[in-house]
Amino acid sequence: MASLQQSPAIKGAKVLMVGAGGIGCELLKTLALSGFEDIHIIDMDTIEVSNLNRQFLFRQKHVGQSKAKVARDAVLRFRPHISITSHHANVKDSSFNVDFFKQFNVVLNGLDNLDARRHVNRLCLAAEVPLVESGTTGFLGQVSVHVKGRTDCYECNPKPSPKTYPVCTITSTPSKFVHCIVWAKELLFAKLFGDKNQDNDLNVRSNDSTGSSEQTEDVFERKADESVEHYGRRIYDHVFGYNIEQALSNEETWKNRNKPRPIYSSDVISAELMQQNGSSDKAGSADDPLSVSAMASLGLKNPQDLWSLMDNSRVFFEALKLFFGKREKEIGSLGFDKDDQLAVEFVTAAANIRAASFGIPLHSLFEAKGIAGNIVHAVATTNAIVAGLIVIEAIKVLQKDFDSYRMSYCLEHVTQKMLIMPVQPFEPNKSCCVCSETPLTLEINTNHSKLRDFVEKIVKAKLSMTSPLIMHGSSLLYEVGDDLDEAMIANYSANLEKVLSSLPSPVTSGTMLTVEDLLQEFTCNINIKHREEFDEENEPDGMVLLGWTQVPTKPKDDDDKPHTGNGVSTSKASETDPAVAQADAGVVKINVEAIDASGKKRKGPDSKDISLDPPSNVADEATAANHKKVQQIDEDEEDLVVLDQWDIDTNKKQKLR
Ligand SMILES: Nc1ncnc2c1ncn2[C@@H]1O[C@H](COP(=O)(O)OP(=O)(O)OP(=O)(O)O)[C@@H](O)[C@H]1O
Ligand SMILES: [Zn+2]
């Protein structure tokens, strides 16, 4: 270590660290102890109590303060002579432009989301600064090196997108608790407390009331003089009773499945008990909405307890009452948040009642929260190992030791006695639209889709552009920026609402659009190909971007099996997270058996004979890197240590250029 610390390549290096969370804290400490003397840190967050168990540079007294600044101060206490500059800011801010990036010798990411990772990747490419990328989830971790022209860029290989379930599994045939959670969170919770105009696949009509006009009424509309108790009972009976009866009437569906049982509130909870349900003064104050709790109101203490159907029903009614009583102002704009106690309680209760109906085992609030919030608990040791690997790669980059660059996976496989597996970096993907100039193709109905759909679903959601500019030849169709005058803003807003073929410069089959992000210095050409129809279930965006490095949607073989898709959509309910976790984590699924089968044993960090193909998915994002996301590994895949598909059949060796 002593000799390393003296190395001019290290002493003289100027490094940028992005993210001062779980990996970042370990990384900053390791950089400082390894002899780095000029470090910049960017992090946009402030410290939360939940960070303290693993982000060891932070203490209770720092809660609420900038992570970047506190991390800096903590390390300067034991390395006072070095220079650490903190930036409490979003790395996507325009001040962190290409010129800013150019001052660094290497950039090190300790991020937790795909969007920011892509952004940094593009700036590193534009500034020609090497990037060391990382991610962890639980015991799994990954570090990769990206050097323009020598290795792949961060976006050369597909990233897994959040898992989605077919809508029919969520709305009609759940078979796992996670299906009930997705239903409770994305359909019921969203319908009751979220934006009323959002698409929702819940059946909100009832035809068992009086006249035909009732059939068109939305059951979820609360009548002017209706008490919350009455409203709650109506909703309960509709979603757990009536809708289940409706589903049962379709005999075909249940031929090979266990039939669900309708549950009505009067069967579970008496009118008398309903009256006594909860004591609102114990529920917490409306001044602190996130602390309001139905459990407190009902005297339920242990979040690890398994509630009975009656308890779940009591929590359901009490939570509904508290939302309308203490948090009424938020209704209409609420989204599920794992840190919102009342939301977690409501979703747990609703998911459990639905699970009871379908004969699925019930879960405690603690477990339900983990599933709903995609929580895989962070392992501090994994973060420390990954931070060490980042520094090792950074040093090789600074010493221009190209042949030694390694992409490393941190694995947990006791029987194989493997902890860290290095593989050679991958070559640049010649058809990567980020680091090569290969155009993409977009299949889209140019007579139906509006420019707004293109901007939201492609430019922002897929290409992760922050400040896009869209051109057709020399005609500017859309642009974002602070320096636009009113006429331009009005013009672009009008364009957004036009279908592509009706734009001032019509976009039709054969058109080549140029999409550019000035901040990222990233330009992409997109060939437009008109297509009349799209499959609602498999192509929910109503458009398909070809050539984009995203994991393709797996064929649907079983309603019960989660499969990857192209993201959340109105026709697919996204799994609340299992997949995101992996994505956020930036970790890859590895088939350890496959390594042995090919006779390639790991010899150590210098081993050059491990030659697996690039994982088709260096996961990342969703990322929540350091602590979180539920990872679902099928029981029959116990031997796989993975985070995503890695095509082990194609065992070609990837070489550095
Ligand atoms: N666009 C961004 N700009 C700057 N910092 C970012 C950006 N996106 C993410 N980060 C930072 O990356 C860090 C990732 O750390 P980590 O995964 O440990 O997350 P966390 O928020 O600290 O923990 P958790 O989500 O588990 O509570 C966070 O501190 C976060 O603020
Ligand atoms: Zn690339």
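Guide: Happy to, and keep in mind that this is a predicted model. Let's begin with Glu 128, which is exposed, with 12 other C-beta atoms within 10 Å.

Visitor: Where is Glu 128 placed?

Guide: Glu 128 sits in the loop between α6 (114-127) and β5 (131-137). Its backbone deserves a look too. As a general idea, most residues other than glycine have a negative phi. Here, Glu 128 has a positive phi, near 55°, and is not a glycine.

Visitor: Now Ser 464, please: is it buried or exposed?

Guide: Ser 464 counts as buried, with 21 C-beta neighbours inside 10 Å; the cut-off for buried is 20 or more. Ser 464 lies in the loop between α17 (451-460) and β11 (468-472). Although not a glycine, Ser 464 has a positive phi of about 55°.

Visitor: Let's turn to helices. How do I read a pair of them?

Guide: Two packed helices are described by the angle between their axes and the distance between the axes. Take α8 (residues 177-193) and α15 (residues 365-372): their axes come within 10 Å and cross at roughly 75°. That makes α8 roughly perpendicular to α15.

Visitor: Which residues of α8 and α15 meet?

Guide: From α8, look for Phe 177, Val 178, Ile 181 and Lys 185; they meet Ala 368, Ile 371 and Ala 372 of α15.

Technical notes:
Residues are numbered from 1 along each chain as its sequence is written. Chains are lettered from A and ligands numbered from 1 in the order in which they are written. This is a predicted model: local features need pLDDT of at least 70, side-chain atom pairs count only at pLDDT 80 or more; totals for chains, interfaces and linings use all residues. Axes are lines fitted to C-alpha atoms, for helices over the stretch in contact, and angles run from 0 to 180 degrees between N-to-C directions. Helices (H or I, at least four residues) and strands (E, at least two) are DSSP runs, numbered from the N terminus. Angles under 35 degrees count as roughly parallel, over 145 as roughly antiparallel, 65 to 115 as roughly perpendicular and the rest as oblique. Two residues are in contact if their C-beta atoms, placed from the backbone, lie within 7 Å.
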